[in-house]
Amino acid sequence: MVEVQRSVAAELDRIAPVIDELGRRFTEAGHEIALVGGPVRDAMLGRHHNDLDLTTSARPEQTERLLKGWADAMWDMGRDFGTIGCRKGEWQVEITTYRSESYDPSSRNPDVAFGDTLAGDLGRRDFTVNAMAVRLPGREVEDPYGGVLDLAHRVLRTPGTPEDSFSDDPLRMMRAARFAAQLGFEVDESVVAAMTAMAERIEIISAERVRDELVKLVMGAYPRRGLTLLVDTGLAELVLPELPALALERDEHHRHKDVYEHTLTVLEQAIDQEQERFGGPDLVSRLAALMHDVGKPRTRRFLDDGTVTFHHHDVVGAKLTRKRMKALRFSNDDIDAVSALVELHLRFHGYGSGEWTDSAVRRYVRDAGDQLTRLHVLTRADSTTRNRRKAERLARTYDDLEARIERLAEAEELGAMRPDLDGNQIMEILGVGPGREVGEAYRHLLELRMDEGPLGEERAREELLAWWARR
């Protein structure tokens, strides 16, 4: 507890230029104001950031007047929800009027009512570790629901009953899984039971809000914890059904890997490579690891000899991935990138022990495009064999492929894989205008480029004319 107090004091001193002045401005105007939620929790965990959340008795228009002339910039983040945002130096600040909110059973949108007390505002919050505040300017800690103790025990509980909390805002069920993934906390049994019983309530929440929580979960330090909670409570069946579907029924006569556990391991092994490859967490890489085998349930076939096959699960999985990500309103760029990686994740296995020609290596690079580094990560992560010799052999083989790609890239500029003649040159040589023939000629020259490497303009011209004559 002493350590917690020290952490809080150190963080409050760090952000004093903001909170002390805000505390003075609001109290002198007759209002209450307090640092609240995540910043208080993270201060107690010894974590700090520059995004500050505060709550106040002042109404939004009063908050605006008090910030005017002090903030470097100010914006309306949601007046109907009582939130005004501003920037002061390096700090981003959100100040929200005391409020309570709840959902109509059939509505996607919360009904918001402004409140009058800090205690009432804290009581509406999702978890006890987020229901703590520091009153300003005096810096008195308010902890009416035992958040400090839960923080010390690393457990997530709700201020009131979890049933009431999840009725008020069903998205909090997703947030329980998200905080488990971000903080590595255990979730109280009563919370898990309520999530299980009330899982279907998540269907009233918009796809965008569900997506945002899922992204934060996947990007957490412990995503396995959050994903496992979603599956165990039945929430995943409603928001990401492809994940629990991977827990294929085992058959003692047909042995195969546990695809669900394999997927979680692949995700963790992809995360292990992020710092070296990307310098930090990478959403597309993590989503590709999570979705790479979602085509297996639909393609599983049992053979007479006792083996199991999943032919074309890469292609089927890419289609399922695209469909799910569209439903969750991901950006087109993210959908294209993740789907491409899922479709390509088996390509390396045709490499054998290095039998690919340079032409095949060029095609691998061409098909991966700007996702090549992520494909390297996914392919390496996809090796979860417990056979140490086999794992080492696969790693050495992929080392060899990456080295070949690097050598070819240095010699041939693989990153700019284009024919030796562009469209204008093709039209000039053939004496034709824009049309289908130019596209066909371009693809022919590109195939030659893949097969043989750079041809040079003179030979490319000869090959083009020979192709045109045969045509």
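What percentage of the residues of the protein count as buried? Of the 471 residues, 49% do. The model is predicted. The protein has 23 helices and 13 strands. Its C-alpha trace spans about 90 × 60 × 45 Å along the principal axes. Take contacts between residues at least 6 apart in sequence: 67% of them join residues at least 24 apart.

**The seven-stranded sheet**

- Seven strands make an open sheet with mixed pairing. The strand order is β3-β4-β5-β2-β1-β8-β9.
- Strands β3 (73–78) and β9 (140–142) are the edges, and each of them pairs on one side only.
- On average, neighbouring strands in this sheet are turned by 30° against each other, direction ignored.
- Helix α2 (residues 16–28) packs on the sheet. Helix α2 touches β1 (33–36), β2 (51–56), β4, β5 (91–97) and β8 (133–136). The direction of α2 makes about 30° with that of β5.
- Helix α4 (residues 60–67) lies across β2, β3, β4 and β5. Helix α4 runs at about 15° to β4.

- Trp-75 stands opposite Gly-85 in β4, and Ala-73 stands opposite Arg-87 in β4.
- In a regular strand, side chains alternate between the two faces of the sheet.

**Helix pairs**

- Two packed helices are described by the angle between their axes and by the distance between those axes.
- Helix α18 (residues 358–368) packs with helix α22 (residues 436–452) at an angle of about 125°, and the axes are 6 Å apart. An angle between 115 and 145 degrees is neither roughly perpendicular nor roughly antiparallel, so α18 and α22 are oblique to each other.
- On the α18 side, the contact residues are Ser-359, Arg-362, Arg-363 and Arg-366. They meet Leu-446, Glu-447, Arg-449, Met-450, Asp-451 and Glu-452 in α22.
- By class, the contact of α18 with α22 has seven charged residues, two nonpolar and one polar.
- Helix α9 (residues 189–198) and helix α11 (residues 223–233) cross at roughly 55°, with axes that come within 8 Å. This pair, too, is oblique.
- Val-192, Met-195 and Thr-196 of α9 make the contact with Leu-229, Asp-232 and Thr-233 of α11.
- The contact of α9 with α11 has three nonpolar, two polar and one charged residues.

**Aromatic pairs**

- How many aromatic pairs does the structure hold? There are four. Two of them are described below.
- A pair of aromatic rings is described by the distance of the centres and the angle of the planes.
- Phe-127 and Phe-179 have ring centres 5.9 Å apart and planes at 85°. Planes over 60 degrees apart count as edge-to-face, so this pair is edge-to-face.
- Phe-127 and Phe-179 link distant parts of the chain, 52 residues apart. Phe-127 is in the loop between α5 (118–123) and β8, and Phe-179 is in helix α8 (residues 171–183).
- Phe-127 is buried at 0% relative accessibility. Phe-179 is buried as well, with a relative accessible area of 4%.
- Phe-348 and Tyr-398 also form an edge-to-face pair, with 4.7 Å centre to centre and 70° between the planes.
- Phe-348 lies in the loop between α17 (332–344) and α18, while Tyr-398 lies in helix α20 (residues 388–412). The pair therefore ties together parts that are 50 residues apart in sequence.
- Both Phe-348 and Tyr-398 are buried.

**Asp-188**

- Asp-188 is found in the loop between β11 (186–187) and α9.
- Is Asp-188 buried or partly exposed? Asp-188 counts as partly exposed, because its relative accessibility is 22% and buried means under 20%.
- Leaving aside neighbours within four places in sequence, Asp-188 is in contact with Val-155, Leu-156 and Arg-157.
- Asp-188 and Leu-246 are 58 residues apart in sequence. In space they are 26 Å apart, C-alpha to C-alpha.

Methods: Residues are numbered from 1 along each chain as its sequence is written. This is a predicted model: local features need pLDDT of at least 70, side-chain atom pairs count only at pLDDT 80 or more; totals for chains, interfaces and linings use all residues. Side-chain values use heavy atoms; hydrogens and water are left out. Axes are lines fitted to C-alpha atoms, for helices over the stretch in contact, and angles run from 0 to 180 degrees between N-to-C directions. Helices (H or I, at least four residues) and strands (E, at least two) are DSSP runs, numbered from the N terminus. Angles under 35 degrees count as roughly parallel, over 145 as roughly antiparallel, 65 to 115 as roughly perpendicular and the rest as oblique. Contact means heavy atoms within 4.5 Å. Ala, Val, Leu, Ile, Met, Phe, Trp, Tyr, Cys and Pro count as nonpolar, Asp, Glu, Lys and Arg as charged, and the others, Gly among them, as polar. Two strands pair if DSSP finds at least two bridges between them. Rings of Phe, Tyr and Trp (its six-membered ring) pair if their centres lie within 6.5 Å; planes under 30 degrees apart count as stacked, over 60 as edge-to-face and the rest as tilted. Buried means under 20% relative accessible area, exposed over 50%, partly exposed in between (1.4 Å probe, protein chains only).
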